Structure formats: structure tokens, C-alpha cells
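Work through the exercises below with the sequence and the model at hand. Each task is followed by a solution in steps.

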Amino acid sequence: MPAMSEPALLAAESPLDAEQRLAAEAGAESVLVLAGPGTGKTTTLVGRYIHLLDLGALAPRIFVSTFTSRAALELRGRIGARLAGLGRDVEPERFGRMPIGTLHGMALRLLQRHPPPGCPRFRVFDEQACARVIAHHRLYLSDDTRKPTDVFGAYKDRLLSPAAALAEAKAKNDSDLLEAAEAYGRYQQALAGEGGFDFGDLIMELVRGMEEDEDYRARISGFFDHLLIDEYQDINPAQERMLRLLRAQGARLWAVGDDDQCLYAWRSADPAFILGFETAWPNPALYRLSRNYRSTATIVEAASALIGANRRRHAKDQVPHSASRLALTIAGLDDDEAEADYVLRVVQGLAGRGMPWHEMAVLYRAGHVGSRIQIRLAEAGVPLVVRGSGEFWQLGPVRLVAGLARLLADPQDMDARAVLGHGKRVDKLLSQAPEKIDTDVPWPALCRQVGRLVSATARPPGEEGLQWRDLAFTAADLAAECEGAAAFTALMEEQRRSLRRAESGGDAVVLSTIHGAKGLEWSAVVVAGCEADLMPHESSPDLEEERRLMYVAATRAKRWLVLSFAAERRKAAAPSPYIAEMLRGLAEDQIRYHDPQSRERLHAGPPKPAKADKPLRLRPELKASIGIRKGRAVPKRTRV
Ligand SMILES: Nc1ncnc2c1ncn2[C@@H]1O[C@H](COP(=O)(O)OP(=O)(O)OP(=O)(O)O)[C@@H](O)[C@H]1O
């Protein structure tokens, strides 16, 4: 995966070491380079590309695929920089047309330039357009734990037509599956009616064309001599089939991946493809890279101890290139606010020692963990970029909570009405509010009720639903800590201004979900919210994937790795078991506790069970005020 923060784009590629060179120059028909994080997989892929050109391959005949368009852009930049560094003539416009992209992007390009027989004229529908089709045709499912687009997308990832999906459901005699398959059929009809292809259709259509028409298959696969695939661990069945068909004229397959970094099983990625590579492809050769160039010995040892607990994996030896035993830091804080203050001190401290902002990142499993930190850093004037989600006060559930709480406190507040926005969800909230919300309570209690209502009534399913609920409660929590609606409005405005000032594309601290950090690296990484219910996420059915997430987060760090957890975040919390698993790989002198309490908290038993009906964590003085005072006069917003 392209492992670099933006400025690294400009950095010169390192020369390949002996193992990397062997892999880059491999001659077998099907090659898998299987290696851990930071071992130079992407660097080796760039080396492979150059090697192929050296052998006389033509750039337009080398197909390179990455996991995201952003990664493709970065990889194109890296290859271009490497070629320029070697004094090769790179004409940017021509190089920009070379086939380097995501598999979906490549399928689109082929369909547009060389449509298969029977392919209708089509427009690509993005996620929003698909959501509109679903809403218009009311294609919702009774089982609301998954979004309809995910369900339909999963059929396409398995190359199942609506008829095949229906047959499967009938064979299993499962009413939920029957409903989903029928809805899928109606969805496909609706898309076809509008001449739309969603992303999943692109690969399905290309595969259909190549499977049904031998001449077409020969023509398309004849375009390529080499297929270079990054992030092979995240490939799904439809993508695998596409690659197989693209090899019909004998193109060589060369892939890099790390089964320990497979993060997309929930989107049909199947680690079985990387685990079974050698039996699946002709004349296979497996190469391993064992030297980790990214991280200190401490980080490599801690991360290896962690991932060693997973069972379904290829074991890998990793030798850290750096012998540094710089300690890993554990910080156990009182609550999320204290954690945000702590993170601020960490980044300011590192900046004070001369580290550029862009060499620091704060990573988290759940978006709401980042919200507090985002606001705190922005208030303090730290430049930041947020990856994976947008500005906190613009997020859907946050706007609903903020707008509704303010509107209930002051029905004449037209700005609040504008913040709330319009649409079915808003209408529903407004119609439920009189019945469900008692407005004759102090401001914090009002906020808490609004948080509950928003989280319960406007909840999308699945992973997104979790994030939604968490964000609704975080927004309600922040609102409740203000003296009242007016103070809250002022706070919101002040924070929005700070966030806008802080958002910067250049030298900035990166705040990101772990998924959004894949493939990147920074000198210092804080993994925030390392708590037992967040890592592993309490709702996740796949514990091995959760451990892989922690592994990916930890292995983004080059020198400094900090794991922080809060003893209370809306409810009492225990530290993530992954911390102990990582520490097992380290000696005492490789561990540093932020303070004695952090050590105590890490080793303390499980917290007292939280009351289920108390989603908001309120400061003690705030709690005391509820039910005692009438009206909206409540204590000051406090900072730890
Ligand atoms: N031979 C080498 N000599 C020195 N540094 C190297 C070498 N190979 C790779 N690196 C450096 O190691 C770091 C990680 O490399 P790269 O991004 O290619 O790893 P990766 O295996 O793709 O990582 P991940 O799986 O975590 O995305 C980069 O900073 C890269 O410049």
C-alpha cells in the first residue's frame, strides 16, 4: 500500500534491498509478495514497475491497481518521481493516462472505451444517487442492521444476479434473504430504468462481457502484459474474477499484500484469496520481505505480539531496521475531555521539539472519539486535517442535536431552524419532540433527551448507525456542558471558526479513523480511545478483524506510539485488551506510563457496570444541577 504522508510524495524512493529486489524482479507467472507493514511492499511495487520498463515492457500495457483512487494518485506520483529521478523522460500528460487506478476505475475505463456486446449506455451513479433510488422506490429492508446499498453491493461483490440471489434465498428458505433478493431485483430494475450503473455494476458488467464473449475477452485481456496489484488482501470475489479474465492472454500477475492488514471483510473482502494464492494461480511464487523500515524495534515488537494472537493468518518474521527501543507510551485518562487535553499536550510538546505537524497523527476506531480531540486541537490553534469524516458541527446527527436542542429552548431561534435543516428525518423529529421531550427541565437534561431522540429516530443501520448514535450523544454532551442555549450557540460558532482556521491542507496534524489511515505513516501516532468496548468494537462480529485494525493503527508509527484510553467516556470503561497484548511483547524499559494512574488503570479490574439508561456522561456538578434547579441556569462549562 502507498505508505506515505503527503510530503513523502516528493521524497526519493529508497534503493531496494536484496529481498525486495528479488521480489521486484521475480520471473514467475504468478507472484505474491507477502509481507508485514513497513517492509516496503509499495516501494517494491514501484521497483517492479521500473524493472518491467527496463525489460522493455510498455507502460500502457502495465495494469496497476490500488485500493482507493487516492492511493492510485499517490502511486502514480511515486512512479513518476522515480522515473524522473532516473532521468527518464516523463511527459506528465501521457503518464497521467497510464492504466493505474482502482479495479472499479479500471473497469469503468474499459467499459467506456470498449463496451462489451450488449452493454447498455450508462451513467455512473455515486452513493448519493443510489440512496436516492432506494428512497424513491422504498427499497428498505426489515432487517435494518445493514444498509440496502451494502446488501446489494455484497451480491455484486459475489457476482450474483438478482435471479441467482433469489434462487439462493429460496434454497436457504430464509425470509430475510428472500426479501433482500427481491429488493435487489427491484433496485436493478430501477437503476436500469434510469440508465444507471452503481460501482458494483462496473465490475459485474465487464466480467459478464468477458465471460459471455470470447472475442471480447481476447481483445480486452490482450491490452495487458502485466497486472500489478496492491493490497491484495482486500480483494473480493468479483475483483478476483476480473483479474482472472484479464489474464486470459497470458498477462503476468504480480501482487503485494498482507493478510494481517485485511480491514474490509465487512465489504466482502476475503482473506482466503491471499491465504490461498499458491493454490489458486498458475506457476505461483511466494516472496517475503522481512525487514521493517518504518518503525522502531519497540513498535515492531509490540505490534508483532498483538497480531500473533490472531489464528487465521500467515505467520511472518519481521526484523526492525531501526534498533531503537524508544518507549511506547500508555496514557489512561479520566475521561474523553482529559484525553483531548492530553493529546493537545502531546502534539504541542512534539512541535516544541521541532517536529512538523504533518509528521503527527491521531487515529481512532470510532469517529466520535476524534470529535472531542478535533475541537480541542482547533481551539488551541493547531492546524489539522480530518480524514474519514467532515467537520464535527456539520455532521448529520450533530446538526440535528444542535438544531433541535436550540429550537426547543427557543422556538423563535430561526438560525437553529436552519441548522436543523429539512427533510423526512427532521419532520419526524419535530413531530415526535412534543411527545417525547419535556422542555420544562434544565438545559443539560433537555440536551440529554434530544441526544436520545436523535440517536433513536434518525438511525441508519450497521456501522454507520453506531457512529450516528455516538455522534448524537457526543454533540448532546458538549451542548449540555454549556450554561444554556445561548452559550451553546456561541460555543458552536467559536468552535466552527477555530476548525475552519485549523483545517489546512499543508503542514497539519492528521486526525483519522483507522480505516482512513491505511497505508500511511507518521513519526508520531496517538491511537486514542483504546477502550474495551471500542477496540474491539462491541458491535463487531469479527474479533480478528478488530485486532487487525489495532495492528494497522499501531504500525503507522515510525518512532513515537502513544496508546490512550479514558476511564470514563459516556460510561465507565476498561482499557482495551489489545494494550496488554502489545505490552506482552515488550520489556519494562520499552514501556512508559504517562503517570502512575495510567499504570494503575491499565491493571485495574473491569469497571463497575454502567447504567444502561444513562448514555450521557455529565460532569458531577452538572449532574447535581439536574432536577434541583428549575429553568435553564446550569453550571459553567468546565475543562479538565
Ligand atoms: N530498501 C529500503 N531502504 C530504506 N527505506 C525503505 C526501503 N524500502 C522501504 N523503505 C521505507 O519504508 C517505509 C515503508 O515502505 P512502504 O510504504 O513501501 O511499506 P509497505 O510495506 O507498503 O507498508 P504498509 O503495508 O504498512 O502500507 C517507507 O518510508 C519507505 O520509504
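**Overview**

Buried residues make up 47% of the 640 residues in the chain; a residue is buried if 20 or more other C-beta atoms, placed from the backbone, lie within 10 Å of its own. The model is predicted, with local features needing pLDDT of at least 70, side-chain atom pairs counting only at pLDDT 80 or more, and totals for chains, interfaces and linings using all residues. Residues are numbered from 1 along each chain as its sequence is written.

**Exercise 1. State the secondary structure of the chain.**

Solution. The chain has 28 helices and 17 strands. Helices (H or I, at least four residues) and strands (E, at least two) are DSSP runs, numbered from the N terminus.

**Exercise 2. Determine the strand order of the open sheet of six strands, and find its edges.**

Solution. Step 1: the order is 3-2-6-7-1-8, with parallel pairing; two strands pair if DSSP finds at least two bridges between them. Step 2: strand 3 (100-102) and strand 8 (284-289) each have a single partner strand, so they stand at the edges and one side of each lacks a neighbour in the sheet. Step 3: ignoring direction, neighbouring strands of this sheet are turned by 20 degrees against each other on average.

**Exercise 3. Describe the pairing of strand 2 with strand 6.**

Solution. Step 1: strand 2 (residues 62-66) and strand 6 (residues 226-229) pair in the parallel sense over four bridges. Step 2: Ile62 stands opposite His226 in strand 6.

**Exercise 4. How are helix 7 and helix 9 oriented to each other, and which residues meet?**

Solution. Step 1: the axes of helix 7 (residues 148-157) and helix 9 (residues 175-193) come within 10 Å and cross at roughly 90 degrees. Axes are lines fitted to C-alpha atoms, for helices over the stretch in contact, and angles run from 0 to 180 degrees between N-to-C directions. Step 2: the two helices are therefore roughly perpendicular, the class for 65 to 115 degrees. Step 3: Pro148, Val151, Phe152 and Tyr155 in helix 7 meet Ala180, Ala183, Tyr184 and Tyr187 in helix 9, a contact being C-beta atoms within 7 Å.

**Exercise 5. Is Pro37 buried or exposed, and where is Pro37 found?**

Solution. Step 1: Pro37 is in the loop between strand 1 (30-35) and helix 2 (41-54). Step 2: Pro37 has 27 other C-beta atoms within 10 Å and is therefore buried. Step 3: leaving aside neighbours within four places in sequence, Pro37 is in contact with Asp258, Gln261, Arg294 and Thr555.

Definitions and conventions. Angles under 35 degrees count as roughly parallel, over 145 as roughly antiparallel, 65 to 115 as roughly perpendicular and the rest as oblique. Two residues are in contact if their C-beta atoms, placed from the backbone, lie within 7 Å. A residue is buried if 20 or more other C-beta atoms lie within 10 Å of its own, exposed if 12 or fewer, and partly exposed in between; C-beta atoms are placed from the backbone.
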